[in-house]
Amino acid sequence: MNYEDFFAERINALQDEGNYRVFADLERKAGHFPRALNYHSDGTKEVTVWCSNDYLGMGQNEDVLAAMHEAIDKCGAGAGGTRNISGTNHYHVLLEEELAKLHQTEAALIFTSGYVANFTTLSTLGSKMPGMLIISDEQNHNSMIEGIRLGRSEKVVFKHNDLEDLERTLKEHPLDRPKMIAFESVYSMDGDIAPIKEICDLADKYNAMTYLDEVHAVGLYGEHGAGVAERDGIMDRLTIIQGTMAKGFGIVGGYIAGSKAMCDFVRSFGQGFIFSTSLPPSIAAGCRASIQYVSQHNDIRIRHQARAKYLRDKLDAAGIPHIHNPSHIIPVMVGDPVLCKQASDMLMEEYNHYVQPINYPTVPKGTERLRFTPSPFHTEKMMDELVDCLVKVWATLGLKKAAA
């Protein structure tokens with residue numbers, strides 16, 4: 001076998017399908033979010049970023065930057081190892097205390113990313129709890145799917161946000177069997193929100209644990225930014241809340257929050273935790289400062305939702321098709337991988353608007369889209385200009401407009 005030919009052939013196939021991913025070479029401009037410099041073959045130019053998961057622009061917040069500088073000056077760059085070998089810094093302890101406070105839980109445990117938090121926790125629970133059954137929403141993130149798979153426990157997938165299908169599955173298993181419902185609050189591609197209360201009701205009825213991924217909700221919903229569960233007043237009904245510090249909090253890292261015993265169990269048996277070098281102290285300090293700021297500034301969440309509504313209204317008025325949902329995520333539908341990439345390229349190259357095409361396997365074939373995430377720092381003028389450019393792109397590429 002010619003290995004290099006194999007690699008090249010598979011890449012060529014991706015390109016022919018329109019699913020090959022090209023990374024934009026960007027340099028975020030401190031203090032000027034959502035502006036960034038785009039490096040390309042002809043030099044550099046300033047672009048407006050529309051697809052950042054730094055939903056609130058906290059990666060540019062002065063309090064966050066000051067906390068990170070202070071921690072670097074005190075502790076240096078790295079953590080020094082895994083948490084159990086020289087890698088537990090006081091900033092890690094403070095961050096876990098802050099996360100537990102945010103979610104009103106006994107404890108929290110931090111990981112190097114949200115992906116690692118999901119992967120490690122679900123695989124640990126699946127592999128270490130005898131007879132465990134995990135009931136997983138069909139649209140759960142890859143990190144949840146792979147964590148469940150690695151745990152090798154029995155798994156049943158229920159239809160997305162379908163309470164009847166979920167209850168049918170729960171009924172089929174004894175009340176005393178260990179089981180857990182794994183689902184998300186805000187689903188990142190369609191932007192829909194799970195019926196958390198009703199899922200908790202079923203969990204109580206059938207003696208199941210609940211595992212809620214709030215990755216696309218923490219910082220953004222609830223009076224203090226603890227997520228949709230806080231907004232709905234049901235945080236205390238969840239067994240495990242999982243989140244990230246890379247989106248609403250603007251930095252990097254993941255975590256789980258719940259009982260002291262559960263967090264200690266994952267800390268003690270979770271290989272993705274045990275064998276990973278811990279977050280640098282400066283990152284932990286910045287995350288803590290971001291959580292403190294966001295929890296005390298509900299006004300930033302109000303502005304965030306207002307910006308999302310403004311852009312939705314503009315898209316509706318212009319006939320640009322998008323999925324209507326109750327969240328801050330605005331998927332503009334194209335439905336073809338090649339045209340989706342062309343639309344993204346035109347917006348960047350001709351109009352200086354950056355939004356990444358979302359193609360298979362991230363979304364099903366035929367549902368390719370441009371995923372917009374307006375922040376509190378995107379102005380109405382920026383959004384007006386963006387929609388004008390989208391109208392031109394739609395006309396040039398002959399894309400379908402929304403029905404009037």
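D213 stands opposite Q242 in strand β9, a pairing taken from a predicted model in which local features need pLDDT of at least 70, side-chain atom pairs count only at pLDDT 80 or more, and totals for chains, interfaces and linings use all residues. Residues are numbered from 1 along each chain as its sequence is written, and side-chain values use heavy atoms, with hydrogens and water left out.

Helices (H or I, at least four residues) and strands (E, at least two) are DSSP runs numbered from the N terminus, and two strands pair if DSSP finds at least two bridges between them.

| Strands | Sense | Bridges |
|---|---|---|
| β7 (residues 179-184) and β8 | parallel | 5 bridges |
| β8 and β9 | parallel | 3 bridges |

Strand β8 is mostly covered, with 4 of its 5 residues buried, where buried means under 20% relative accessible area, exposed over 50% and partly exposed in between (1.4 Å probe, protein chains only).

In helix α10 (residues 260-269), the buried residues are M262, C263 and V266. Seen down the axis of α10, they fall within an arc of 95 degrees, so they line one face of the helix; the arc is that of the directions from the helix axis to the C-beta atoms. The face turned away from this buried side carries the exposed residues K260 and A261. The buried residues of α10 pack against β4 (107-111), α5 (114-128), β9 (240-244) and β10 (254-258).

H103 is found in helix α4 (residues 90-103) and, at 1% relative accessibility, counts as buried. Leaving aside neighbours within four places in sequence, H103 is in contact (heavy atoms within 4.5 Å) with V218, A226, M235, I241, Y255 and A257.

A search of the whole structure finds 2 cavities of 30 Å³ or more, a cavity being a set of points, on a 1 Å grid over the protein atoms alone, where a 1.4 Å probe fits but cannot get out. The largest cavity has a volume of about 100 Å³, and its lining residues (those with an atom within 4 Å of a point) include R83, H92, F111 and F273. The elements that give two or more residues to this lining are β4 and α11 (271-274).

How values were computed
On a 1 Å grid over the protein atoms alone, a cavity is a set of points where a 1.4 Å probe fits but cannot get out, and a pocket is an open set with protein on both sides within 12 Å along at least five of seven lines; lining residues have an atom within 4 Å of a point. Grid points are joined across faces, edges and corners, and a volume is the space filled by probe spheres set on the points.
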